[in-house]
Amino acid sequence: MKITDIKITPIAVSDPPLLNAAGLHAPYALRTIIEIETDIGITGLSEIPGSSGADEALAEARDAVIGLDPFHLSRIMQTITQQFGKETRAERGLSPWDSRKIVHVQSALEVACLDIIGKDTGRPVVDLLGGPVREQVPFSAYLFFKHRGAGGELEFNTAPKATGWAAARQAEGLTPEQMVAQAQGMIEEYGFRSIKLKGGALEPAQEVASIHALHKAFPDAPLRLDPNAIWKVETAVKWAKELEGILEYFEDPVRGQENMARLKKHTSIPLATNMCTTSFEDLPSSIALGSEDIILSDHHFWGGLKASIELSRICETFGRGMSMHSNSHVGISLAAMVHLGAAARHLTYALDTHYPWQEDEVIVGGKMKFEEGAVTVSREPGLGVELDRTELARLHENYKRCGLTHRNDEIEMQKVEPGWKFAAVRW
Ligand SMILES: [Mg+2]
């Protein structure tokens, strides 16, 4: 079998005005949909975070990969490494966004090839990763402080008849009471059992007040707070004392492995990261410093599903827990996350997903279903999802019309708060 072509389609999906340490989500989140075509008529799908940089890198990789066998994943990964070399930490652009491209290219190619291999052999991707150790993959509710609105063309739709999650998704979320209402709406709809609050947007005292309110409203739910590395070590030490026994884990309260290791000496709350240990190159210093307890993998950032399985083994070996990080995404990424989550033997927490915040979808059948906070892994060949070409075309038109080429939450925030600037450490 040979790869004959790669189609790269950037899309823009509506995204609510969610607040975070880097600013405000734009009305549209960007994703790129990849279709790898083969000489036997099978097409494989994948999805990666959208940026013109990653799309250009994918287009550059296309010529080197056409003609290779989709089964030969090691050769394909090696071809990309040889073509692009390794990205340095400076090239990743860690503040505020990790803008690595090569791992995205590798992830895009690997997932689409696994989809092809699955379709060719009649086996689901989970079977290609070792088979399922769990059929239901649990996810966590992912709460955001937010302004009123639902993003995209719904931005000005006040939806007076909306109820349940449809209403809660549009509502303002700034006070502890509003955050409890957001959690109730999301949990009623999806059945999540763990709750993550994206922090780093408001004063630490306000965010901790929301955690207390959530703890009171959902006493049995494991809680997580993620200030996106914007707190000083002293600030994190102070609030960690108050959050002992309440947080399941504290995600990137401070910036960098050294600061995380310093904080760890002052708290028994497990520390998790998707910011200070985000690639295999970061692991030696992570182990030497003891910078975190849990690594939040992300197959888009670790170079694919097999790389994430390798990471889970390393986490197990070195006593790290493992779970998964997420960005705004649609169903192809979710399907890939579920196959990975079903196959990873060492997966110790419910996974993150932004999925409830997105209304648009590119897969046939619309949004994937959650039951009791979990998604059941598909037994269909490959990823088990099919492209809805009408929706893909519509969302590609959105991309062309919205004018965004990469994520920049600072510019969006400045539209609401003129002069607002991102700060790597704010409180
Ligand atoms: Mg995070």
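**Exercises on a two-domain model**

The domain assignment, whose bounds come from an automatic or database source, gives the protein domain 1 (3–122 + 389–401) and domain 2 (128–376). This is a predicted model, in which local features need pLDDT of at least 70 and side-chain atom pairs count only at pLDDT 80 or more, while totals for chains, interfaces and linings use all residues. Residues are numbered from 1 along each chain as its sequence is written.

**Exercise 1.** Determine how far apart the centres of domain 1 and domain 2 lie, and what domain 1 gives to the contact.

*Solution.* Begin with the C-alpha centres of domain 1 and domain 2, which lie 22 Å apart. Next, take the contact, in which C-beta atoms placed from the backbone lie within 7 Å: 35 residues come from domain 1 and 41 residues from domain 2. Then turn to the elements, which are DSSP runs numbered from the N terminus (helices H or I, at least four residues; strands E, at least two); on the side of domain 1 that touches domain 2, α4 gives the most, with nine residues.

**Exercise 2.** Describe the span and the burial of helix α13 (residues 331–343).

*Solution.* First compare the spans: α13 has 13 residues and reaches 18 Å from its first C-alpha to its last, close to the expected 18 Å, where the expected value is 1.5 Å times one less than the number of residues. Then consider burial, which requires 20 or more other C-beta atoms within 10 Å of a residue's own, with C-beta atoms placed from the backbone (exposed: 12 or fewer; partly exposed: in between); 13 of the 13 residues of α13 are buried, and of the 427 residues of the protein 52% count as buried.

Terms used: Contact = placed C-beta atoms within 7 Å.
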